[in-house]
Amino acid sequence: MAPLFAPLRRWLAVAIVAALMFPSLGMLATQPRATGAAEDKTLAPLPAPPRSLADLGRLPRATDAYVGDHFALRGPMLDLYGGVRRRLGVRPPPDPVVQGAPGWLLLNDGLMRSIGAEPDEAAIDRYAAFVCDLGAKMKASGKPFLFAVIPGTAAIYPEALPAWAKPAVGRTPYDVLQTRTRDCGVSSVDMRRALRAAKETGRLYRQRDSHWTPRGALIGYNLMVSALGRPDWTILPNEAEWRSEPAIEDDLAKLAGIAERAPEAVDMPHLFAFKAAPASPQPIPGLRDDPAQAAFMVGPGGRGPSILMIGDGYTRPFMPMFFAPFVGRFSWIAHRRCGFDPTVFDRTTPDYVILAVGEREARCEDGRPSG
Amino acid sequence: MLFSSPTFLFFFLPASLILYFATPTRRLKSLVLILLSLAFYAWGEPWFVGVLVGSIVFNYFAALFIEGQQGGARKLALGAALGGNLAVLALFKYAAFAARSFNAVAAPANMAVSVPNLVLPLGISFFTFHGLSYVIDVYRGRATANRRLEEIALYIAFFPQLVAGPIVRYNAIARRLRVRRHSFGRASAGLRIFIIGLAQKVLIADQLAPLAGALFDHVRKPGLGEAWTGTLAYSLQIYFDFAGYSNMAIGLGIVFGFSLPRNFNLPYRARSVTEFWRRWHISLTRWFRDYLYVPMGGNRGGRWRTCRNLLIVFLLCGLWHGASWTFVLWGLWHGAFLAAERMGLRKGLVGVGAIAGWAYAMLAVMGGWVLFRSPDLTAALSVWSGLVGLNGTGAFGPELKGAFEPLHVGALVTASVLAVMPFVSRRGRSAGPARRLVSAVRTRIRPAGALGTLLDTGAVAVLLILALVALSGGTYPPFLYFRF
């Protein structure tokens, strides 16, 4: 048999070149598509003829993108690719964004936990232990400490959920966390009832972003200052002038790849016609320069109590402007799933400490010690 | 243009082959190859074609000038040629690094220079070394200055080895610039090696990248398991990535009638760092040996001078890889091990047995890769701490856990076996069936008989299909050595 195959083998080059030419010739012979349904993406358009040197410089990249998206047999190859990967045990990455009821996008991360479909007692226990430990330390140092979990969109707007995700009926991780932290003596705010009750006053959560609106944030702020025993710091919604403005960022729309559409409009409060505008945020002196430990402070201190908030994207944009008129200094540090720089207490010497985190972020990193 | 991109595989490569083989004479074939090479380079770096063409023209005339000089004038002419080549490299690759380093040192004295913001032309380190090789070989009389500009252009710009080697010394390839043999048999053999290289890159190296990336890009304090998994993944990734590219270049070289030198010879089977450098990036090691180490005195001046020479050569080797202190330290790291082996460590290794020697070499090499891959020394120290257990031995964090897919673990195991498994038995006989099957992803195989031929051809076809399927769903990550 060997003499039979040896002469044939020299034609391998022809077979390889023919195989490599098939996707290119097939591509030239077929009509390009605008979208790839299986991938849920917009395919690269045919590059326009260059009209300037800059266009010419961009032409190779644009051509690579076009060829990469349109070569013949790409669809079957992608199917085969997905099939082989599944057989090899590769989990497809979950879509970060879930399409909810018409007009609503929801963050996949934490959605099922929020509606009680994924009770994870161990994770709740770990986070409760972190909060209780922090509460005990604050108690020992004589600082009032407040813990607030900011509910997710699904908890306040169950009507925004997609059909396959039923609203919570029993106890959710939020309930369990409230119970556990109160049991260890931590002052804990449940914001859900007040937020649900205020839904009629205006949109409290964003439809194309994973956070609350300024109106929702103001209700949360009022709940927190009331729980701190400072009702004199309350800002009534009618004390602000509300103007509809385009949102600066729509994180879910960006994740879903539709950020180019018109941004969502939100009601922004204009408080400062009658209250002093807060000073610009300044770095907290001595805190290590680490983007993951983002921290800042507002106000020079000395003319009123000092607040330290350990928070996340729910509180960072709003709380400085709400607190600033009433306090000497407002300091904020990012909570990174049970992690933040503990030296922040010495560097800001707070009179009040608030741990305010979004429901989905009320977790410690897997397998990592808290603190 | 990337070898592993659809544009190259489905358009550029078939078109190049058809155009090249349809061109009648050798000289016209060379011109076609030059035009293809310039187009290949322009596709990635349209504005830097001028730098490449400038290097070709400069070295062409420099060699002619050097050849016409004698004595001191010849030396002076060589100095000018070397200076010209190195000045371009220094400007694009090292000026910003030098300025940043100066500013860091001079900061206490309130002195600073502006940091130039220059984009590094793709493959400048490789084509500059080709130019240097040419003028030095002419100076030494080992080659005559070539009167045909197109042959020098082909030597420096030949697209398969233009952006990531292998680095071919001029006197080793000069004859092939003029006399080349072409046949379907050679083209088939070359494309077979090309496909094996493509599979090494796409099916192995790219599958290891998530594990390595998780450690080096995301974990701040890796535990023992995380550090070892990520470092092993990167050690194998860089080998299969670079060896894959080299095999693709060698394969294409054969198709076009050239014989590019072998660049890797199972480096992870080395039992000392000295042996590792005889097996890793062989063309670069030989370049440094022939054009730097030996002219500096090599090992002819006693042990201390040998050590000094080794440290200098490897410091420059580190700098060649990148303008950063981590690369400098990586070079010194290897230089120090080589020097230590010269001073007696190697004799000691002979006594401890093959496995202990191999373990020592792997520890030294993998420790070096930590420096090579880390963005800065702080990150490298963190990974080293993890490797010795100083960050704890706890479970994998979410970053590594997320990358720990069965496919990636499978790639890790497969790559580990392929990286150390010989495909031909020590006595020179063909290996058994299992090893021969494994050797389908290696470059050399001697199919015996019809069954062997069928198996080999089938394996190559499967590798091509799998590689193309993997590419269809991928993002065509660039080859790691492109940035050098």
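Chain B has 20 helices and 0 strands. Helices and strands are DSSP runs (H or I, at least four residues, for helices; E, at least two, for strands), numbered from the N terminus. This is a predicted model: local features need pLDDT of at least 70, side-chain atom pairs count only at pLDDT 80 or more, and totals for chains, interfaces and linings use all residues. Residues are numbered from 1 along each chain as its sequence is written, while chains are lettered from A and ligands numbered from 1 in the order in which they are written.

**View 1. The two chains overall.** Chain A comes to 13 helices and 12 strands. Of its 371 residues, 36% count as buried. In chain B, buried residues make up 47% of the 484 residues. A residue is buried if 20 or more other C-beta atoms lie within 10 Å of its own, exposed if 12 or fewer, and partly exposed in between, with C-beta atoms placed from the backbone. Residues 24 or more positions apart supply 68% of the chain A contacts with a separation of 6 or more. For chain B, the figure on that basis is 72%. Two residues are in contact if their C-beta atoms, placed from the backbone, lie within 7 Å.

**View 2. Where chain B touches chain A.** Here 38 residues of chain B are in contact with 40 residues of chain A. On the chain B side, the elements giving two or more residues are helix 1 (6–22), helix 9 (184–218), helix 18 (406–420) and helix 20 (449–472). Helix 20 of chain B gives the most, with 10 residues. The residues on this side of chain B divide into 24 nonpolar, 12 polar and 2 charged. Ala, Val, Leu, Ile, Met, Phe, Trp, Tyr, Cys and Pro count as nonpolar, Asp, Glu, Lys and Arg as charged, and the others, Gly among them, as polar.

**View 3. Helix 5 of chain B on its own.** Helix 5 of chain B is mostly covered: 16 of its 17 residues are buried. Its end C-alpha atoms are 24 Å apart, which agrees with the 24 Å that 17 residues should span at 1.5 Å a residue. The expected span is 1.5 Å times one less than the number of residues. B:G141 follows helix 5 of chain B and has a positive phi, near 80 degrees.

**View 4. Helix 5 of chain B against helix 4.** The axes of helix 4 (residues 71–106) and helix 5 (residues 124–140) of chain B come within 10 Å and cross at roughly 175 degrees. The two helices are therefore roughly antiparallel to each other. From helix 4 of chain B, the contact includes B:L78, B:L82, B:L89 and B:F92. From helix 5 of chain B, the partners include B:I124, B:L132, B:V135 and B:Y139. By class, this contact has 10 nonpolar, 4 polar and 2 charged residues. Axes are lines fitted to C-alpha atoms, for helices over the stretch in contact, and angles run from 0 to 180 degrees between N-to-C directions. Angles under 35 degrees count as roughly parallel, over 145 as roughly antiparallel, 65 to 115 as roughly perpendicular and the rest as oblique.

**View 5. Helix 5 of chain B against helix 3.** The axes of helix 3 (residues 49–67) and helix 5 of chain B come within 9 Å and cross at roughly 10 degrees. These helices are therefore roughly parallel to each other. Helix 3 of chain B contributes residues including B:L52, B:N59, B:A63 and B:I66. Helix 5 of chain B contributes residues including B:F127, B:G131, B:Y134 and B:V138. The contact has 9 nonpolar, 4 polar and 1 charged residues.

View 6. Helix 9 and helix 10 (residues 224–255) of chain B pack at an angle of about 160 degrees, with their axes 6 Å apart. That makes the pair roughly antiparallel. Their contact has 28 nonpolar, 10 polar and 5 charged residues. B:L208 lies in helix 9 of chain B. This residue is buried, with 26 other C-beta atoms within 10 Å. Beyond its neighbours within four places in sequence, B:L208 is in contact with residues including B:L236, B:H408 and B:L412. B:L208 and B:A411 are 203 residues apart along the chain, yet their C-alpha atoms are separated by 6.5 Å.

**View 7. A:L73 in a loop of chain A.** A:L73 sits in the loop between helix 3 (53–70) and helix 4 (74–87) of chain A. It is partly exposed, with 16 other C-beta atoms within 10 Å. Leaving aside neighbours within four places in sequence, A:L73 is in contact with A:F22, A:P23 and A:G26. A:L73 and A:M27 are 46 residues apart in sequence and 8.5 Å apart in space, C-alpha to C-alpha.
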